[in-house]
Amino acid sequence: MSKPRQNFDPTKPVNMIDLTCEQVDSIYQHMLTKGMPEIMWTVEIQKFTWEEIRDAHKNGKKLIAFGGPVPVTIMRAFDCVPFFLDTIPTRIASMEDLCGRFIDETEKYAPQSMCAIDKAQLGVMLKGELGVQVDAFVHATVPCDSARIAYPMMERLMDCPCFTFDCPFRHDDKGFKYVAEQIESFIPFMEELTGLKWDDERKAKFKEINEESNRAYELLIQLGDLRKKTPCVLPGRMLVLNAIIAPLAGTPEVTEMLQTQLDMGNMLADMGMTATRCPEERYRVCLMQNMLWSNTGIMDWMEKTYGAITVMDGFGYQDGVILSDLDNWETVKYEMAKMMLLVPMIHGATGPTEYWLKSIDKMYEEYSVNVSIFMGHVGCKHTWASGKIVTDYIQEKYGLPTLYVDVDAIDPRYKSNDELRAQIGEYMESVVGAHNFTKDA
Ligand code: SF4
């Protein structure tokens, strides 16, 4: 996919949403001109995401900014557009000047050690350059200390009605019930915000949206299963794209995108082909910590240079909770709470380390991983803290040594592409290539 153009004048104020819409549209138009129908869907979904945010008010909808796991299908049932603030930093991570502009702004007021995901979001608000007025802000108290510091600051900057989901440390029955009770309290908040009632009409709409959301999550599970096949037919960067389900669950657009991806993957598998950049799969990589949004091209490079496909990553891994009984509000609330605590970045990175080990087992066993990389985002200090336990576990159970690479998942200035390639390259050649690690070794 083309790299986004950095078409802004750094001496003038930026309108983040308009700028992003223009950049995505310019990629879209470029692909139209070049005739690339087979991959248009990868950009169409981005175009939908950003234009839905830009046009929310024009379309008579309220715009709700959110951070962390929140029940987006309830927001959609109340005719609102959920705006996942993490999509700002993940979108601009490869654009050094733009990303640096916002991170540097935040560092005037907040510690440098704060996660760049939060620094970039905060910076946009501190500079007053979001470009849209949000009607409410909903956030959770997870995934990490960085978010717990950043979200209250954002509350003050946004100066609008706010709702906080207090998420428990443990992901168990008691924890799910605790979050479910808060989902109940969220309904009157939404009624007051929108002036709409939680009546039969609203509930019917909510059911339809959840049916659509279930379809999307089922497709995501099937895509996960497809990635288990050897060779893996879908490139690593699809894992990054699929994270878009967080704000878009319940929309036909995201369901269609996932369906197209699945159809393409199945078709390639049937023909004995792959969409990856290597003719022959030699290694199956797990990036166990976070996704490197500031350099997703590194996965293409690993595929091309070493035949090493990122089959799964700790961020993309989904536990796949499907709402089982959409007519039973009590069950729906409980399972939505479960979904909220089991989505990426929350499932393994919050709570005790045993949760992370559980997802490691699923990823390393089911995806036949034979190259283990801790692509450690420096902001995620809580995951670095348990990194040694996790990598010792992998060594003992799967016989795989793990490469530690420190990166900033958002700020591209932290480590150059050359440095990153040198670190990974040395590991691939001197450790992986020399010892031919396999699951059974
Ligand atoms: S990337 Fe890590 S530090 Fe940043 S918000 Fe997510 S969990 Fe927190």
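User: Which helix is Ser386 found in?
Analyst: Helices here are DSSP runs of H or I with at least four residues, strands are runs of E with at least two, and both are numbered from the N terminus. Ser386 sits in helix α16. Residues are numbered from 1 along each chain as its sequence is written. This is a predicted model, in which local features need pLDDT of at least 70 and side-chain atom pairs count only at pLDDT 80 or more, while totals for chains, interfaces and linings use all residues.

User: Why does Ser386 count as partly exposed?
Analyst: We count other C-beta atoms, placed from the backbone, within 10 Å of the residue's own: 20 or more means buried, 12 or fewer exposed, and in between partly exposed. Ser386 has 18 C-beta neighbours inside 10 Å, so it counts as partly exposed.

User: Which residues does Ser386 touch, not counting those up to four places away in sequence?
Analyst: A contact means that the C-beta atoms of two residues, placed from the backbone, lie within 7 Å. Ser386 touches Thr353 and Trp356. Trp356 is 30 residues away along the chain, and its C-alpha atom is 9.0 Å from that of Ser386.

User: Where does helix α16 pack?
Analyst: Let's look at the sheet. Strands of a sheet pair through backbone hydrogen bonds, either parallel or antiparallel. DSSP must find at least two bridges between two strands for them to count as paired. Here four strands make an open sheet in the order β6-β5-β7-β8, with parallel pairing. Its edge strands, β6 (308–313) and β8 (402–407), each pair on one side only. Neighbouring strands are turned by 30° against each other on average, direction ignored. Axes are lines fitted to C-alpha atoms, for helices over the stretch in contact, and angles run from 0 to 180 degrees between N-to-C directions. Within the sheet, β5 (283–287) and β7 (371–377) pair over three bridges, and Val285 stands opposite Val371 in β7. Helix α13 (297–306) packs on this sheet, touching β5 and β6, at about 140° to the direction of β6. Helix α16 (381–398) touches β7 and β8, and its direction makes about 175° with that of β7.

User: In what order do the strands of the open sheet with β1 run?
Analyst: The order is β2-β1-β3-β4, and the pairing is parallel. The edges are β2 and β4 (162–165), each pairing on one side only. From one strand to the next, the twist averages 20°. Helix α8 (173–194) packs on this sheet, touching β1, β2, β3 and β4, with its direction at about 170° to that of β4.

User: How many bridges join β1 to β2?
Analyst: Five bridges join β1 to β2 (80–84), where Cys80 is the bridge partner of Lys62.

User: Is β1 mostly covered or open?
Analyst: Strand β1 (62–67) is mostly covered, with six of its six residues buried. Lys62, Ile64 and Phe66 lie on one side, and Leu63, Ala65 and Gly67 on the other.
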